[in-house]
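Reader: I have a structure open and want to talk through how its parts pack. Can you take my questions in order?

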Amino acid sequence: MAAARPFNRIPALDGLALGRLINRPTQAAINQINHTANGNSFRWRFQPGTYTTKQVVEHVAPLLNSLIAQLGQDPPGAVPSRKILIDGLRSCLATSGRESTLPIGDAVNMAGESARKVMANQAQRIGSLLVRCAQNAPPPDVTGPQMTVRSPCEGHVWTREVAGLLIGPRSNGNLMQVYNEWLHQIVLLRDGLLPFENFDE
(Lines give C-alpha, C1' and ligand atoms only; values in the text may rest on other atoms or scores of the structure.)
Protein backbone atom coordinates (compact mmCIF):
# COMPACT_ATOMS: atom_id res chain seq x y z
CA MET A 1 0.00 0.00 0.00
CA ALA A 2 1.36 3.40 -0.96
CA ALA A 3 2.35 5.73 1.84
CA ALA A 4 -0.01 8.61 2.55
CA ARG A 5 1.06 11.94 1.09
CA PRO A 6 2.18 14.55 3.65
CA PHE A 7 -0.10 17.47 4.36
CA ASN A 8 1.16 20.84 3.14
CA ARG A 9 0.60 23.59 5.68
CA ILE A 10 -0.32 27.13 4.65
CA PRO A 11 2.46 29.43 5.96
CA ALA A 12 0.08 32.12 7.24
CA LEU A 13 -1.84 29.50 9.23
CA ASP A 14 1.10 27.34 10.31
CA GLY A 15 0.73 28.23 13.98
CA LEU A 16 -3.05 27.79 14.05
CA ALA A 17 -4.13 25.93 17.20
CA LEU A 18 -7.32 23.94 16.83
CA GLY A 19 -9.47 22.27 19.42
CA ARG A 20 -8.71 21.67 23.05
CA LEU A 21 -7.21 18.86 25.06
CA ILE A 22 -9.61 16.57 26.90
CA ASN A 23 -7.70 14.58 29.50
CA ARG A 24 -10.37 12.14 30.61
CA PRO A 25 -13.66 12.34 28.73
CA THR A 26 -16.57 11.16 30.84
CA GLN A 27 -19.08 8.70 29.51
CA ALA A 28 -21.70 11.47 29.47
CA ALA A 29 -19.49 13.49 27.11
CA ILE A 30 -19.14 10.68 24.60
CA ASN A 31 -21.71 10.58 21.82
CA GLN A 32 -23.96 7.55 22.01
CA ILE A 33 -24.96 6.90 18.41
CA ASN A 34 -26.73 3.63 17.74
CA HIS A 35 -29.03 2.24 15.12
CA THR A 36 -31.14 -0.85 14.85
CA ALA A 37 -31.29 -3.10 11.81
CA ASN A 38 -32.82 -6.56 11.66
CA GLY A 39 -33.25 -6.52 15.42
CA ASN A 40 -29.54 -5.94 16.11
CA SER A 41 -28.01 -2.87 17.73
CA PHE A 42 -24.88 -1.25 16.31
CA ARG A 43 -22.70 1.71 17.24
CA TRP A 44 -21.92 4.26 14.54
CA ARG A 45 -18.30 5.39 14.76
CA PHE A 46 -15.16 5.87 12.74
CA GLN A 47 -12.78 2.97 12.45
CA PRO A 48 -9.03 3.76 12.74
CA GLY A 49 -7.52 4.52 9.37
CA THR A 50 -6.69 7.18 6.79
CA TYR A 51 -9.57 8.95 5.06
CA THR A 52 -9.91 11.49 2.29
CA THR A 53 -12.19 14.45 2.89
CA LYS A 54 -14.81 12.91 0.62
CA GLN A 55 -14.66 9.62 2.52
CA VAL A 56 -15.21 11.33 5.87
CA VAL A 57 -18.31 13.12 4.57
CA GLU A 58 -19.59 9.84 3.12
CA HIS A 59 -18.95 8.15 6.46
CA VAL A 60 -21.19 10.61 8.31
CA ALA A 61 -23.83 10.54 5.54
CA PRO A 62 -25.82 7.78 7.33
CA LEU A 63 -26.75 10.37 9.95
CA LEU A 64 -28.35 12.63 7.35
CA ASN A 65 -29.85 9.71 5.47
CA SER A 66 -31.44 8.26 8.59
CA LEU A 67 -32.87 11.68 9.43
CA ILE A 68 -34.41 12.07 5.96
CA ALA A 69 -35.81 8.54 6.01
CA GLN A 70 -37.46 9.14 9.39
CA LEU A 71 -38.94 12.46 8.27
CA GLY A 72 -40.84 10.52 5.63
CA GLN A 73 -42.00 11.55 2.20
CA ASP A 74 -42.02 15.27 1.44
CA PRO A 75 -45.46 16.81 0.85
CA PRO A 76 -46.33 17.53 -2.80
CA GLY A 77 -44.76 20.77 -4.00
CA ALA A 78 -42.58 21.17 -0.89
CA VAL A 79 -38.85 21.87 -1.01
CA PRO A 80 -37.09 18.48 -0.55
CA SER A 81 -35.92 17.84 3.00
CA ARG A 82 -32.46 16.90 1.76
CA LYS A 83 -32.03 20.28 0.08
CA ILE A 84 -33.23 22.16 3.18
CA LEU A 85 -30.82 20.26 5.45
CA ILE A 86 -27.80 20.59 3.15
CA ASP A 87 -28.53 24.28 2.64
CA GLY A 88 -28.46 24.52 6.44
CA LEU A 89 -25.00 22.95 6.40
CA ARG A 90 -23.88 25.51 3.80
CA SER A 91 -25.00 28.33 6.08
CA CYS A 92 -23.16 26.79 9.05
CA LEU A 93 -19.95 26.53 7.03
CA ALA A 94 -20.17 30.12 5.77
CA THR A 95 -17.83 32.74 7.23
CA SER A 96 -20.59 35.30 7.71
CA GLY A 97 -24.29 35.29 8.49
CA ARG A 98 -26.51 34.35 11.42
CA GLU A 99 -25.78 30.61 11.22
CA SER A 100 -22.01 30.86 10.64
CA THR A 101 -19.83 28.66 12.88
CA LEU A 102 -16.72 30.67 11.90
CA PRO A 103 -17.91 34.30 11.58
CA ILE A 104 -14.66 35.90 10.47
CA GLY A 105 -16.05 37.74 7.43
CA ASP A 106 -15.91 37.49 3.66
CA ALA A 107 -12.36 37.28 2.27
CA VAL A 108 -13.41 39.29 -0.79
CA ASN A 109 -14.02 42.35 1.40
CA MET A 110 -10.72 42.14 3.28
CA ALA A 111 -7.69 44.17 2.28
CA GLY A 112 -4.15 42.79 2.05
CA GLU A 113 -3.04 39.24 2.77
CA SER A 114 -3.62 39.05 6.51
CA ALA A 115 -3.92 35.73 8.28
CA ARG A 116 -7.61 36.53 8.82
CA LYS A 117 -8.16 36.92 5.07
CA VAL A 118 -6.20 33.75 4.33
CA MET A 119 -8.28 31.85 6.88
CA ALA A 120 -11.55 33.24 5.55
CA ASN A 121 -10.65 32.31 1.98
CA GLN A 122 -9.53 28.85 3.08
CA ALA A 123 -12.69 28.27 5.10
CA GLN A 124 -14.85 29.27 2.15
CA ARG A 125 -13.01 26.90 -0.20
CA ILE A 126 -13.21 24.00 2.25
CA GLY A 127 -16.86 24.73 3.01
CA SER A 128 -17.74 24.64 -0.69
CA LEU A 129 -15.99 21.28 -1.06
CA LEU A 130 -17.76 19.80 1.96
CA VAL A 131 -21.17 20.90 0.71
CA ARG A 132 -20.45 19.33 -2.69
CA CYS A 133 -19.38 16.10 -0.98
CA ALA A 134 -22.57 16.10 1.09
CA GLN A 135 -24.67 16.67 -2.03
CA ASN A 136 -22.93 13.80 -3.84
CA ALA A 137 -22.98 11.35 -0.93
CA PRO A 138 -25.12 8.21 -1.40
CA PRO A 139 -28.84 9.04 -1.05
CA PRO A 140 -30.93 7.64 1.80
CA ASP A 141 -32.40 4.18 1.80
CA VAL A 142 -35.97 4.60 3.00
CA THR A 143 -35.91 1.06 4.36
CA GLY A 144 -32.61 1.57 6.16
CA PRO A 145 -31.99 1.60 9.92
CA GLN A 146 -33.32 4.37 12.14
CA MET A 147 -30.59 5.95 14.24
CA THR A 148 -31.06 7.06 17.81
CA VAL A 149 -28.55 9.74 18.81
CA ARG A 150 -27.46 11.18 22.12
CA SER A 151 -25.46 14.18 20.95
CA PRO A 152 -24.04 17.06 23.04
CA CYS A 153 -23.79 19.22 19.90
CA GLU A 154 -26.57 21.74 20.53
CA GLY A 155 -24.83 25.04 19.82
CA HIS A 156 -25.39 25.31 16.07
CA VAL A 157 -27.88 27.86 14.80
CA TRP A 158 -30.33 26.47 12.26
CA THR A 159 -31.69 28.26 9.24
CA ARG A 160 -35.37 29.16 9.50
CA GLU A 161 -36.18 26.48 6.94
CA VAL A 162 -34.37 23.79 8.94
CA ALA A 163 -36.10 24.94 12.13
CA GLY A 164 -39.48 24.80 10.42
CA LEU A 165 -38.75 21.24 9.29
CA LEU A 166 -37.25 19.84 12.50
CA ILE A 167 -39.63 21.53 14.92
CA GLY A 168 -42.62 20.66 12.76
CA PRO A 169 -45.00 17.70 13.05
CA ARG A 170 -42.85 15.37 10.92
CA SER A 171 -39.93 15.52 13.35
CA ASN A 172 -39.11 14.76 16.99
CA GLY A 173 -36.41 15.44 19.56
CA ASN A 174 -34.20 12.61 18.38
CA LEU A 175 -34.13 13.86 14.79
CA MET A 176 -32.98 17.26 16.02
CA GLN A 177 -30.02 15.55 17.70
CA VAL A 178 -29.25 13.53 14.57
CA TYR A 179 -29.07 16.73 12.53
CA ASN A 180 -26.95 18.53 15.12
CA GLU A 181 -24.51 15.63 15.21
CA TRP A 182 -24.24 15.50 11.40
CA LEU A 183 -23.63 19.26 11.27
CA HIS A 184 -21.06 19.11 14.05
CA GLN A 185 -19.06 16.29 12.50
CA ILE A 186 -18.67 18.26 9.25
CA VAL A 187 -17.91 21.54 11.04
CA LEU A 188 -15.15 19.77 12.98
CA LEU A 189 -13.81 18.39 9.70
CA ARG A 190 -13.74 21.92 8.21
CA ASP A 191 -11.88 23.26 11.24
CA GLY A 192 -9.34 20.44 11.17
CA LEU A 193 -8.59 21.04 7.47
CA LEU A 194 -8.03 24.81 7.77
CA PRO A 195 -4.21 24.83 7.99
CA PHE A 196 -3.65 22.56 4.98
CA GLU A 197 -3.26 23.44 1.30
CA ASN A 198 -4.12 19.97 0.04
CA PHE A 199 -7.29 19.67 2.12
CA ASP A 200 -9.13 17.81 -0.64
CA GLU A 201 -6.78 14.79 -0.54
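Author: A term to begin with: a crossing is left-handed if the near helix is turned anticlockwise from the far one by less than a right angle, and right-handed if clockwise. With that in hand, helix 3 passes helix 5 in a right-handed crossing. Note also that this is a predicted model.

Reader: At what angle do the axes of helix 3 and helix 5 cross?

Author: At roughly 140°, and the axes come within 10 Å. Helix 3 covers residues 115-136 and helix 5 covers residues 173-193. That angle makes helix 3 oblique to helix 5.

Reader: Which residues make the contact?

Author: From helix 3, Gln122, Ala123, Ile126, Leu130 and Ala134. From helix 5, Trp182, Ile186, Leu189, Arg190 and Leu193.

Reader: And how do the residues of that contact divide?

Author: For helix 3 with helix 5, into 8 nonpolar, 1 polar and 1 charged.

Reader: Back up a bit. How many helices and strands does the protein have?

Author: There are 5 helices and 3 strands. Along the sequence the pattern reads β-β-α-α-α-β-α-α.

Reader: What share of the residues counts as buried?

Author: 39% of the 201 residues. The accessible surface comes to about 11,700 Å², and carbon and sulfur atoms account for 54% of that.

Reader: What about contacts between residues at least 24 apart?

Author: Take the contacts between residues at least 6 apart in sequence: 74% of these join residues at least 24 apart.

Reader: Next, helix 2 and helix 3. At what angle do they pack?

Author: At about 165°, with the axes 9 Å apart. Angles over 145 degrees count as roughly antiparallel, so helix 2 is roughly antiparallel to helix 3. The crossing of helix 2 and helix 3 is right-handed.

Reader: Which residues of helix 2 and helix 3 meet?

Author: Arg82, Ile86, Leu89, Arg90 and Leu93 in helix 2 touch Ala123, Gly127, Leu130, Val131, Ala134 and Gln135 in helix 3. By type, the residues of this contact are 7 nonpolar, 2 polar and 2 charged.

Reader: Now helix 1 and helix 2. How far apart are their axes?

Author: The axes are 10 Å apart, and the helices pack at an angle of about 140°. Helix 1 and helix 2 are therefore oblique to each other. Their crossing is right-handed.

Reader: Which residues in helix 1 and helix 2 meet there?

Author: Leu64, Asn65, Leu67, Ile68 and Leu71 in helix 1 meet Ser81, Arg82, Leu85 and Ile86 in helix 2. The residues of this contact divide into 6 nonpolar, 2 polar and 1 charged.

Reader: I have Ile84 selected. Is Ile84 buried or exposed?

Author: Ile84 counts as buried, because its relative accessibility is 15% and the cut-off is under 20%. Ile84 lies in helix 2.

Reader: What does Ile84 touch?

Author: Leaving out residues up to four places away in sequence, Ile84 touches Val79, Glu161, Val162 and Leu165. Its C-alpha is also 9.8 Å from that of Ala163, which is 79 residues apart from Ile84 in sequence.

Reader: Last one, Gly155. Where is Gly155 found?

Author: Gly155 is in the loop between strand 3 (146-150) and helix 4 (160-166).

Reader: Buried or exposed, for Gly155?

Author: Gly155 is exposed, with a relative accessible area of 70%. From Gly155 to Thr101 the C-alpha separation is 9.3 Å, and the two are 54 residues apart along the chain.

How values were computed: Residues are numbered from 1 along each chain as its sequence is written. This is a predicted model: local features need pLDDT of at least 70, side-chain atom pairs count only at pLDDT 80 or more; totals for chains, interfaces and linings use all residues. Side-chain values use heavy atoms; hydrogens and water are left out. Axes are lines fitted to C-alpha atoms, for helices over the stretch in contact, and angles run from 0 to 180 degrees between N-to-C directions. Helices (H or I, at least four residues) and strands (E, at least two) are DSSP runs, numbered from the N terminus. Angles under 35 degrees count as roughly parallel, over 145 as roughly antiparallel, 65 to 115 as roughly perpendicular and the rest as oblique. Contact means heavy atoms within 4.5 Å. Ala, Val, Leu, Ile, Met, Phe, Trp, Tyr, Cys and Pro count as nonpolar, Asp, Glu, Lys and Arg as charged, and the others, Gly among them, as polar. Buried means under 20% relative accessible area, exposed over 50%, partly exposed in between (1.4 Å probe, protein chains only). Accessible areas come from the Shrake-Rupley method with a 1.4 Å probe; for residues, only the protein chains shown count as cover.
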